[in-house]
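Biologist: I am new to this one. Please put the structure up, and let us go through it question by question.

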Amino acid sequence: MAALLPPLRVCRGILKELRTMQGPKYKLSPAYSYIMDQFRKNKASSPPTASQLTVTGEMYCRAQQEAHHDSHTYLCLLASSRTHLALHKLYHGKGDRSREEVAGLVGLRLPTQPG
Amino acid sequence: MFRSIVRLQSQFGNILSPNKVCPRSPHFRFAFKYSSAITERKRFYQDVSISQGEGGLYEINLDRKKLKTPGGKLFTVPNEVLAIAVATEWDAQRDTLKFYTMHLTTLCNTALDNPTQRNKEQMINAALKFLETDTVCYRVDEPHGLVELQKNEYYVTIGSSSSILGPEIPEATKDTFRQHLNSYNFWSLTGLEFVITQLKSVVLSMGIVDRHLSVEQAVLLSRLEEEYQIQHWGNVEWAHDYDMYELRARTAAGALFVHLSSESSNVKRKLLQDREG
């Protein structure tokens, strides 16, 4: 099974999604500030060494993994919503045909009302 | 009779009516709002923002008005992250509001309004009942490729069955599950129930919630047989991909909802430590 993407790629992915959703002013949104905050706080500078695996070190790593998983989940949410909507517009977004078109399918025309 | 229809019409289009019309029985209003066929409305606001209200609960503001649930209650969420995510959902809407894409909002509405009057006990029982028909427990005997795939991917052996009747789940397993599920609060259970319904599997849902699986992995496992058939017979984008992305979006929303609803206390503690240190 493929492992989770590295945090940097997840962060970039989320920011790309936000930019697609909100346009150039995405940096002003509360979501942007929160995401950047979280990624800065949980940044892993390097894999934990043996000395770091004390009680506090391990707790920090677990919170990091949780945040990583959550960020991955959020990226999945944003990306798949967008793709789903695009597919919907592409394949299922046409709505019903008009009555004229329906009549035209079988070679008939609608009667015209006088006046 | 005509006047009552007119009043219903005015309630129909108004999520944010500041003064409610003549009170009808709450149950009737719930049923009406939740069964209304309205799926799209024009976007009527410019800005979306969040604010903190009474009791530390967060509210969503669309321009100057506060968002309300379909049941008429004020829309409040227990933590800021969830509020930001919901606000982002509302902000993402363009000309029309597509409620069927706003999964987090829908989940919050369900948790707040509880239109079907569920309590924790009922939800836990429903989840345990679902365990008996869990997707992961059904193994096939043929075709051979699918058997191999199932053996490799479905490494959980909680009980398995090849027949149409479900597996026998021992009572001890059920009790362990029940105890575990009891530790989740009502909001988290709402989200969990949603994920279980989407994935058709309690095991996979717990896998996501415990962070063993990513959403993509869980969705793949849930659709294992379908993926096998797709590899064999080919992919139909407007059906297979459409379903898969919808499933991913809903599952991700549900999983995020569960995590955010069960984590709020931890987040607060961390912030306090940061300030002290």
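Modeller: Residues are numbered from 1 along each chain as its sequence is written, chains are lettered from A and ligands numbered from 1 in the order in which they are written, and side-chain values use heavy atoms, with hydrogens and water left out.

Biologist: What pLDDT does chain A average?

Modeller: pLDDT is the predictor's confidence in each residue, from 0 to 100. In chain A, 82% of the residues score at least 70. The chain A average is 82.

Biologist: Which element of chain A has the highest mean pLDDT?

Modeller: Helices (H or I, at least four residues) and strands (E, at least two) are DSSP runs, numbered from the N terminus. Helix 3 (residues 55-92) of chain A has the lowest mean among the elements, 84. The highest, 92, belongs to helix 1 (residues 7-22) of chain A.

Biologist: Where in chain A is the pLDDT below 50?

Modeller: Where pLDDT is low, the predicted coordinates should not be read in detail. The stretch in question has four contacts (heavy atoms within 4.5 Å) beyond near neighbours in sequence. It is residues 50-57 of chain A.

Biologist: How much area do chain B and chain A bury between them?

Modeller: Buried area is the accessible area (1.4 Å probe) that two parts lose on being put together, summed over both. Here 37 residues of chain B are in contact with 29 residues of chain A. Carbon and sulfur atoms carry 68% of the buried area. The total is about 3100 Å².

Biologist: Which residue of chain B meets D70(A) in a salt bridge?

Modeller: A salt bridge is a side-chain nitrogen of Lys or Arg within 4 Å of a carboxyl oxygen of Asp or Glu. The rule finds two across the interface of chain B and chain A. In the one with D70(A), N to O is 3.1 Å, and the partner is R211(B).

Biologist: Which element gives the largest share of the chain B side that touches chain A?

Modeller: Helix 3, helix 10 (215-222) and helix 12 (237-276) of chain B each give two or more residues to that side. The largest share is 17 residues, from helix 12 of chain B.

Biologist: How many salt bridges are there between domain 1 and domain 2 of chain B?

Modeller: Chain B is divided into domain 1 (48-113) and domain 2 (120-263), with bounds from an automatic or database domain assignment. The two domains bury about 1100 Å² between them, 84% of it on carbon and sulfur atoms. The salt bridge count is zero.

Biologist: Is N114(B) buried or exposed?

Modeller: N114(B) lies in the loop between helix 4 and helix 5 (120-131) of chain B. Its phi is positive, about 50°, although it is not a glycine. Buried means under 20% relative accessible area, exposed over 50%, partly exposed in between (1.4 Å probe, protein chains only). The relative accessible area of N114(B) is 17%, so N114(B) is buried.

Biologist: And Q117(B): buried or exposed?

Modeller: Q117(B) lies in the loop between helix 4 and helix 5 of chain B. Its phi is positive too, near 55°. At 53% relative accessibility, Q117(B) is exposed.

How values were computed. Predicted model: local features only at pLDDT ≥ 70, side-chain atom pairs only at ≥ 80, totals over all residues.
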